[in-house]
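Please keep the sequence and the structure in view while working through the numbered points.

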Amino acid sequence: MNDALYEQLISRRPKPYDIPVRILVILLIVAVAVFGVPFIGFLSFVIAVILAVVAYYFIFPKLSVEYEYIILNHDLQIDVIYNRSKRKHLMNFDIQSAEIIAPKGSPRLASYRPDKFCDYSSSNPSGNVYAIMLPMEQKNVCVCIEPDSKMTDHMKQWMGTKMYLD
């Protein structure tokens, strides 16, 4: 078998609201513990612990995000990894079904109007982000990824003239 497999992991840059969300959640937990004592007594500490557990398992992991691109021959699979432990499958598609693959700001993408936009890049302004325009579920979908040079070489093998590197 001559299967070409390549994996790449991209860490999403922290968004501007990540740190304020963390601070507000911690302040809420402390406020419930401190200001709840005169009203409900020791039960306020129990509620604060429950809120801390909920924040630890459901809120904070969503703030640390990595994307994994797996390309096997011409199938591209995109997964998200929360807090370096929990993996969730986002999408899987055949890149040969794409209409065009070009850098995100390219004028070649001007004629394409996506119905749905999926950004799976690091959100780094200096990143090398590519937009993949493809039909999916009777809609035009724009998928933004940030492949390295080795992954773009793999994609160029199957896309030919539909992929632009400029």
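With which side chain does the side chain of serine 121 make a polar contact?

1. The partner is aspartate 119, and the polar contact between the two side chains spans 2.6 Å. Please bear in mind that the model under review is predicted.

2. The setting of serine 121 deserves a description. The residue lies in a loop, with β6 (116-119) on one side and β7 (130-136) on the other. Serine 121 has a relative accessible area of 4%; because this value is under 20%, the residue counts as buried.

3. When neighbours within four places in sequence are set aside, serine 121 is in contact with Ile10, Arg12, Tyr67, Tyr69, Val129, Cys144, Ile145 and Glu146.

4. The aromatic rings form a second topic. The count of aromatic pairs is three. Phenylalanine 42 is exposed, at a relative accessible area of 63%, whereas phenylalanine 45 is partly exposed, at 41%.

5. Tyrosine 56 and tyrosine 57 also form an aromatic pair, with ring centres 5.1 Å apart. Why is this pair edge-to-face? Its planes stand at 85°, and an angle over 60 degrees is counted as edge-to-face. Both residues are exposed: tyrosine 56 has a relative accessible area of 51%, and tyrosine 57 has 55%.

6. A charged residue and a ring may be noted next. Lysine 62 lies over the face of tyrosine 82, and its distance from the ring centre is 4.1 Å.

7. Read from the N terminus, the order of elements is β-α-α-α-β-β-β-β-β-β-β-α.

8. How does the radius of gyration of the chain stand against that of a compact globule of 166 residues? The chain has 21 Å, whereas such a globule would have a value near 15 Å. Along the principal axes, the C-alpha atoms fill a box of roughly 70 × 40 × 30 Å.

9. Of the 166 residues, 37% count as buried. The accessible surface of the chain is about 10,300 Å², and carbon and sulfur atoms supply 60% of that area. Among contacts between residues at least 6 apart in sequence, 59% join residues at least 24 apart.

Terms used
Residues are numbered from 1 along each chain as its sequence is written. This is a predicted model: local features need pLDDT of at least 70, side-chain atom pairs count only at pLDDT 80 or more; totals for chains, interfaces and linings use all residues. Side-chain values use heavy atoms; hydrogens and water are left out. Helices (H or I, at least four residues) and strands (E, at least two) are DSSP runs, numbered from the N terminus. Buried means under 20% relative accessible area, exposed over 50%, partly exposed in between (1.4 Å probe, protein chains only). A polar contact is a pair of N or O atoms within 3.5 Å; within protein, one must be able to donate a hydrogen and the other to accept it, and residues adjacent in sequence count only if both atoms are side-chain atoms. Contact means heavy atoms within 4.5 Å. Rings of Phe, Tyr and Trp (its six-membered ring) pair if their centres lie within 6.5 Å; planes under 30 degrees apart count as stacked, over 60 as edge-to-face and the rest as tilted. A charge sits over a ring if NZ of Lys or CZ of Arg is within 6 Å of the ring centre and within 35 degrees of the ring normal. The radius of gyration is taken over C-alpha atoms; the globule rule is 2.2 Å times the number of residues to the power 0.38. Accessible areas come from the Shrake-Rupley method with a 1.4 Å probe; for residues, only the protein chains shown count as cover.
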